[in-house]
Amino acid sequence: MVEDLEEMSFTIPDNVLDEIQQNIQDIISNFDVPEENKLEVIKQINFMYTRSKYLSSTDELTGLFNRRSFDSTFEKEFLRAQRYNNNLTLVIFDIDYFKKVNDTYGHQCGDYILKEVSNSALQTFRKTDTVFRIGGEEFAVILTETDINQAKIPLERFRKTVETLELTYQNEKINVTVSLGACQYKEGFTNKSEFMELTDKALYEAKNTGRNKCVFTTL
């Protein structure tokens, strides 16, 4: 049953899950069974519900927030910046030559690299920044209340942290680097897709001009 709930949680909206959970609790409360049994059933349902919501927003491998969570958070932060003209910087980065790592050392090594880079990101960025794995070896970071100049120091620090990681897999030393693109919210943005596209372009420029670097888009 837990497995079924976990699978379903990726397609059922959170507000529907909330309503289902409340309806189930109401039904159980009216059962003609001892009160302690009701509480135990409700406890189990709450556990499965909490677990399903966690899985729906979290990348299982790295523990980072996933693409679904990114889409929701980015939408909210974009609308907030649009309304209040807050500083907001979006970052997209990926691991350089990650396919080569997988092809050379295998996918288990690739998973190890993904987790180590994710841990480095969590340790480098502020608690108020949010790191996401949005697909494969690609990640995003939402830097709230941060302009492009303020973003340069933590992004360069993160890049250097990854570059100097001492990674070993099956007695093989492995060096990895990341390329990063960053863009600051501007008042002229009409939608978040435009914001995302410009950030992507900065990332592609970093990759096409040597990799292992940060490119900052200023408009």
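Mentor: Asp-59 is buried, with a relative accessible area of 14%.

Trainee: Why is Asp-59 called buried?

Mentor: Buried means under 20% relative accessible area, exposed means over 50%, and partly exposed lies in between (1.4 Å probe, protein chains only). Asp-59 has 14%, so the residue counts as buried. Keep in mind that this is a predicted model: local features need pLDDT of at least 70, side-chain atom pairs count only at pLDDT 80 or more, and totals for chains, interfaces and linings use all residues. Residues are numbered from 1 along each chain as its sequence is written, and side-chain values use heavy atoms, with hydrogens and water left out.

Trainee: Where is Asp-59 found?

Mentor: Asp-59 is in the loop between α3 (35–57) and α4. Helices (H or I, at least four residues) and strands (E, at least two) are DSSP runs, numbered from the N terminus. The protein chain has 8 helices and 7 strands.

Trainee: What makes the pairing of Asp-59 and Thr-62 a polar contact?

Mentor: A polar contact is a pair of N or O atoms within 3.5 Å; within protein, one must be able to donate a hydrogen and the other to accept it, and residues adjacent in sequence count only if both atoms are side-chain atoms. The side chains of Asp-59 and Thr-62 are joined at 2.6 Å, and those of Asp-59 and Arg-133 at 3.2 Å. Arg-133 is also one of the residues in contact (heavy atoms within 4.5 Å) with Asp-59 when neighbours within four places in sequence are left aside; Leu-64, Phe-65 and Asn-66 are on that list too.

**Helices α6 and α7**

Trainee: How do α6 and α7 cross?

Mentor: The axes of α6 (residues 107–124) and α7 (residues 148–163) come within 10 Å and cross at roughly 145°. Axes are lines fitted to C-alpha atoms, for helices over the stretch in contact, and angles run from 0 to 180 degrees between N-to-C directions. Val-117, Ser-120, Ala-121 and Thr-124 in α6 meet Pro-154, Arg-157, Phe-158, Thr-161 and Val-162 in α7.

Trainee: What stands out about phi in Asn-85?

Mentor: Phi of Asn-85 is near 55°, a positive value in a residue other than glycine. Asn-85 is in the loop between α4 (67–84) and β1 (88–95). With 47% relative accessible area, Asn-85 is partly exposed. Gln-170, not a glycine either, has a positive phi of about 50°. Gln-170 lies in the loop between β4 (167–169) and β5 (172–174), and at 63% relative accessibility Gln-170 counts as exposed.

Trainee: How many disulfides does a search of the whole structure find?

Mentor: A disulfide is a pair of cysteine sulfur atoms within 2.5 Å, and the search finds 0. Cys-109, with a relative accessible area of 0%, is buried, and Cys-214, at 15%, counts as buried.

Trainee: What percentage of the protein chain counts as buried?

Mentor: Of its 219 residues, 43%.
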